[in-house]
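Biologist: Could you take me through some of the helix packing in this one? I'd like to begin with how a pair of helices cross.

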Amino acid sequence: MQGFSILKQSFRLIFGNLPQSLKLSSPLLIVLISAFAIYGPDYFLGEFNPSSPNALPPSALILQLLTVVAGLWVAVAWHRFVLLEEFPAGVLPAFHGGLMLGYFGYGILLGILVGLATFAVGFLVGFALFWAPVLMTIGIIATMVWGFWIFYRLSPILPGQAIGNTMRFKEAWASTKPLSWAILGAMVVFVVSFVALAFVGGLVATLVPLIGGAVILALNWLYALVGASFLTTLYGVAIEGRSID
């Protein structure tokens with residue numbers, strides 16, 4: 001139940017502060033809406049592989065880069081809003097370039113560590129169960145879930161970086177130990193829910209591309225904000241001892 005409470009609090013922070021949420025996420029919204037206006041639904045449904053018939057033009061990669069920058073901007077701003085009560089002074093949130101760069105660096109390092117660990121375990125599982133394809137598939141899926149769980153166990157380093165509280169991986173791991181099962185439960189609900197919503201959005205897009213593209217745009221925005229909010233809530237509970245009741 002605690003995992004569901006953490007996830008519910010993540011949504012509550014967004015929709016309970018909707019005007020602030022829109023301001024804090026405005027950089028990402030601007031990029032996503034611009035991409036939709038320029039390329040239409042294909043931006044969210046197309047591919048960047050030049051050999052694909054559904055390939056997007058190379059210029060779309062610029063918007064992909066801007067999406068990454070905007071995502072970092074929004075994530076840092078959101079963490080600081082919730083944990084430090086730093087409200088946006090205008091339409092856009094404050095731009096903390098140095099903190100964003102550090103956040104990006106720690107995110108890449110965390111991704112590499114978790115990715116390598118997941119690949120190594122997945123390789124061993126696949127090798128050990130190659131004789132049983134069904135068991136091997138189950139084992140690889142379980143390994144991927146384990147990899148995501150490891151990521152969220154270590155994730156407090158990201159909100160910490162955003163507010164100037166640099167943490168070690170060992171500290172983050174120890175702080176989330178009491179929440180191990182809660183993290184697993186919340187993570188599964190979170191991932192399954194958004195995969196299902198994305199599937200529905202993709203299905204609608206095949207029938208009515210304009211509406212489907214708009215739905216996927218909204219899901220991209222919500223996924224980014226819920227992801228940042230979940231990390232923030234986890235940090236508040238694990239590191240600062242905040243209550244979510």
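Modeller: In this predicted model, the crossing of helix 5 and helix 11 is right-handed. Their axes, for residues 60-84 and residues 209-238 respectively, come within 9 Å and cross at roughly 40°, and that angle makes helix 5 oblique to helix 11.

Biologist: Which residues of helix 5 and helix 11 make the contact?

Modeller: From helix 5 the contact is made by Val74, Ala75, Trp78, His79, Val82 and Leu83, while helix 11 brings Leu225, Ala228, Ser229, Leu231, Thr232, Tyr235 and Gly236.

Biologist: And by class, how many nonpolar, polar and charged residues has that contact of helix 5 with helix 11?

Modeller: There are 9 nonpolar and 4 polar residues in the contact of helix 5 with helix 11, and no charged ones.

Biologist: Staying with helix 11 for a moment, is Thr233 buried or exposed?

Modeller: Thr233, which has its place in helix 11, counts as buried because its relative accessibility is 5%, under the 20% cut-off.

Biologist: What does Thr233 touch, then, not counting residues up to four places away in sequence?

Modeller: With those sequence neighbours set aside, Thr233 touches Ile6, Gln9, Ser10 and Leu13, and also Ile244.

Biologist: Switching topic, what span does helix 7 reach from its first C-alpha to its last?

Modeller: Helix 7, residues 133-154, has 22 residues and reaches 32 Å between those two atoms, which is close to the 32 Å expected at 1.5 Å a residue.

Notes:
Residues are numbered from 1 along each chain as its sequence is written. This is a predicted model: local features need pLDDT of at least 70, side-chain atom pairs count only at pLDDT 80 or more; totals for chains, interfaces and linings use all residues. Side-chain values use heavy atoms; hydrogens and water are left out. Axes are lines fitted to C-alpha atoms, for helices over the stretch in contact, and angles run from 0 to 180 degrees between N-to-C directions. Helices (H or I, at least four residues) and strands (E, at least two) are DSSP runs, numbered from the N terminus. Angles under 35 degrees count as roughly parallel, over 145 as roughly antiparallel, 65 to 115 as roughly perpendicular and the rest as oblique. A crossing is left-handed if the near helix is turned anticlockwise from the far one by less than a right angle, and right-handed if clockwise. Contact means heavy atoms within 4.5 Å. Ala, Val, Leu, Ile, Met, Phe, Trp, Tyr, Cys and Pro count as nonpolar, Asp, Glu, Lys and Arg as charged, and the others, Gly among them, as polar. The expected span of a helix is 1.5 Å times one less than its number of residues. Buried means under 20% relative accessible area, exposed over 50%, partly exposed in between (1.4 Å probe, protein chains only).
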